[in-house]
Amino acid sequence: MTLIQFIKKHIGIKILLAFSSVLGVALALVIFISGLIFQDFGSFAISENEQQLKKQAANFLDAITQERAQKYDAAFQKIAAYSYLIAKQAEIKFQSTDHPQSGSPAAENMQRYPQNGIFYNRFFSPLATIYWGSEQVPEAVLEEIGRLAPFLTVLRDAKEQNPAVVASHLIMTSGWAHYYPNSDFLYTLPPLTELDLRDTNNYVLALPERNPKKSTIWVPVYFDDVGNGLMTTASTPIFGPEGRFMGVAGLDLPIQNIQRQILTATDVDVDLKSKGFFTFLLDDRGQLISFPVEKLTEFGIDVPTERFENSFDLLERGLADSRIASVRDVGERILTTEKQTSVFLLGEEPYLVSSQRLVSNGWYLVTTLPEQIFLAPSLKLGELLAGKLSSLQYQFYLMAIFFIVGSIIIIVVFLNTAFLRPLKTLTTAVRSVRDGDLEQDLKSRRVDEIGMLMNSFEDMVSTLKESKEREHDHAEHLEKTVREQTYELQLQKAELEKDILRRKSVEKELIQSKHQADAANLAKSQFLSNITHELRTPLIGVLGMNELLLRTDLDAQQHVLVDSVQSSGHDLLSMVNSILDFSKLESGAFELESHVFDLASAVEDVVLLLSGTAAEKSLELVVQIADDALWTVRGDEARLRQILLNLVSNAVKFTVAGQVIVDVALEAADPQTGTLILQVRDSGIGMSEESLNKIFEAFVQVDNSETREYGGTGLGLAIVQKLVMMMNGTIHVSSRQGEGSAFTVTLPLQLVAPQNRHDHSFAGRGRILLQVEQPQVREALENMLRSVEADLSVVSDGEKFWSRLNPSERQLECAYDILIVEAKARLENGELLYERILNSYEPGSCVIICLCDRAGLLEKKLPDTILPLEKPVTRTQLFSLLEMSRKNLSEKMKSPAI
């Protein structure tokens, strides 16, 4: 027997090739992995040490940063505390009731410096007191200077107790300042017409509106014009009696002074400094405050060094301006964290960087050094260790080869005996079962996986035999069942066909019934339309004759009776018209028209029609038309008016007290089409949930009791809903019983052109003061007046209005050009507001417009000099009065002074 035949019979060529491949791959992996292991063994051996060194370096750098940051914060906080102390001592002076003696030295020696026109007390050096407010020093300012004249000691102590500070000062709201120490540079201040120290950041940033906490603030870094380099100032607001802002107290601090004080006090290894360790400052915007000039190019920051006077010229640059992405990333991390330590690459070299935000002023202190300084000894140790271990590599290779070969031989022999032979027997049995031979005996006494597999296969063959027998029985039973169910389905099909014929007959009858019902409904609608039309003709005649009767001479009782007939006739005519419209809508005889009309005018006309009814019930009727709704549009204006008239009249009818508000807006989907949003809100009786569900049904009212308080046919909202649906719109109602209702209608309209929005602009020259007590009316008027681009002020009651005018005892010109007041507005003493205005100002100094319910309902007749503005206020009415006012103002400005 040859070797190949032996392998085929007892081992198998495929298995031999597989194990040979495994052997080759194993050897290759051993050689490759061992090469990696021995090559980098030195690095592996010191990896933990290297990580520990990196951690120690980061901790070391973080400790230095924290120590220096604490010293910076301590120095800044001390300076801020002194600034706060100066401010509080000044406040004590202002709160004191003791007044300074007249002729205080500081006040007596104020002299003007001719070169710039500023007053100086030049005789009291080193404390300099200056005043730049006007051509002469007012008595009130001299008194204030005298009150704070003793501040030489306070300012001197604050400066001397803080070596880094170069000057301390007070800048007062009244236009003067104290400076310590005095120096000649004060005389180089700009002329009086250009100088105002209240425009500097030292003053502006401490104002109450900019500094609501009233705390000490740090002014952003600025460059000093007299040679102190970069400066910052700790500035504290000063408040006098009743919390009145009086000025600021501040200490000027050069950055180089605080650096010299802090950095010389920190002991850092000189050798470490020579190898790249350095510290720099960033402000709260990320701009460089201090930075080693020699490191600029290395960090990718481009600054024209030929103009350097000192390193403070770097203020216009930051890490974000670097050409190197890693430097920019470090700058971003610094600004987004309070405290951090990380690594970044500068070229090919890693750097450690640590930063901490200063609590006192929000700046950032940053320290950095090359990572290589800490890792160099560890790298040398790794190279030495790797060299010592290289000789062990070849011994490892030889041992690995012997171990792998021996293991493979043992595994092949074991597999052949324990697995391959039983598997061959099982494979032969599987082929027999596949060919249909189920008579196989594979019972095995083995208890391992192979024995379990053979026993399971034997069980599977037995199961297949039983399944084959059950399948034969089931097929016969299934065939019988199919025959029986087929017969039943045929019977059900015959019944179903009969049922379909019956359903078609019923459907035909229903269609005929529907046609008959539609015909009856149409006949009913036509009859209703004809009868209401026939009723309206004689009714109009009766009303006409009755109106003629009203014009004849009647006694009081007859006049009352005829008036009652006329009122009832009009109510009856309104009901007939509603029924006629409803019948037309029901019968389909209602057709929409299309023409161009002014949307705002249509809405205002409807509101004005109902203003009398609202006034009789003492209701506020308010119309608010958004500027976006000022368009000419194409649609059915008459039906839009009818919709709005029904909704507003309903709101007025069901509102006992309060207001009815009409809101109009227009949303333009494109230049040709838009959606009208019309909302009518009231504060009336409201509706229950049950009423809301049937509010749009015909002949239904909210008050549906036998003794209804409100009249009507109950057709108004039904007609509105049908009209809205015909115009492809929607209507929605929201209401709560006792809290009023809100009806919202949306209608698509075709946009024609923007409406002329009344060119009544005052171009910033018109000053208007408005007083309206009712919030909704006030809001509507305010929205209309915003479009005239005038200087508008708004108040709610008469006393606030009068306090805004602030007149003197003698007649003067009014501070406003146009005054709009309510005719019924009174002052606390009961006097009418418009009468007080007429008595306090010269005639013609301003235009007075009185807002009144109706001209006939005023308490007293208005003078001819007052323009009446009747409620409800419309844009047309308001802008007409404003046009008259503007012409009066123009004539007043053109008229020569007398």
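Predicted model: local features only at pLDDT ≥ 70, side-chain atom pairs only at ≥ 80, totals over all residues.

Beyond its neighbours within four places in sequence, Ser611 is in contact with Leu621, Lys871 and Pro872. Ser611 belongs to helix α16, which covers residues 611-616. Is Ser611 buried or exposed? Its relative accessibility is 15%, and buried means under 20%, so Ser611 counts as buried.

Let me turn to the sheet. Five strands form an open sheet in the order β11-β10-β14-β13-β12, and their pairing is antiparallel. At the edges stand β11 (288-290) and β12 (339-346); each has a single partner strand, so one side of each lacks a neighbour in the sheet. From one strand to the next, the twist averages 30°. Eight bridges join β12 to strand β13 (residues 349-357) in the antiparallel sense. Within that sheet, Leu345 has Pro350 in β13 as its bridge partner. Helix α10 (residues 325-336) packs on the sheet and touches β10 (278-282), β12, β13 and β14 (364-370). The direction of α10 makes about 175° with that of β12.

Finally, a pair of helices. How do α21 and α22 lie relative to each other? Helix α21 (residues 798-805) packs with helix α22 (residues 833-840) at an angle of about 15°, and their axes are 11 Å apart. The two helices are therefore roughly parallel to each other. The crossing of α21 with α22 is right-handed. From α21, Gly798, Phe801, Trp802 and Leu805 meet Leu833, Arg836, Ile837 and Ser840 of α22. The residues of this contact comprise five nonpolar, two polar and one charged. Thank you.

Notes: Residues numbered from 1 in each chain as written. Heavy atoms only, no water. Helix = DSSP H or I, 4+ residues; strand = E, 2+ residues; numbered from the N terminus. Buried < 20%, exposed > 50% of the residue type's maximum accessible area, 1.4 Å probe, protein only. Contact = heavy atoms within 4.5 Å. Pairing = 2+ DSSP bridges. Axes fitted to C-alpha atoms, helices over the stretch in contact; angles between N-to-C directions. Parallel < 35°, antiparallel > 145°, perpendicular 65-115°, else oblique. Left-handed = near helix turned anticlockwise from the far one by under 90°. Nonpolar A, V, L, I, M, F, W, Y, C, P; charged D, E, K, R; others polar.
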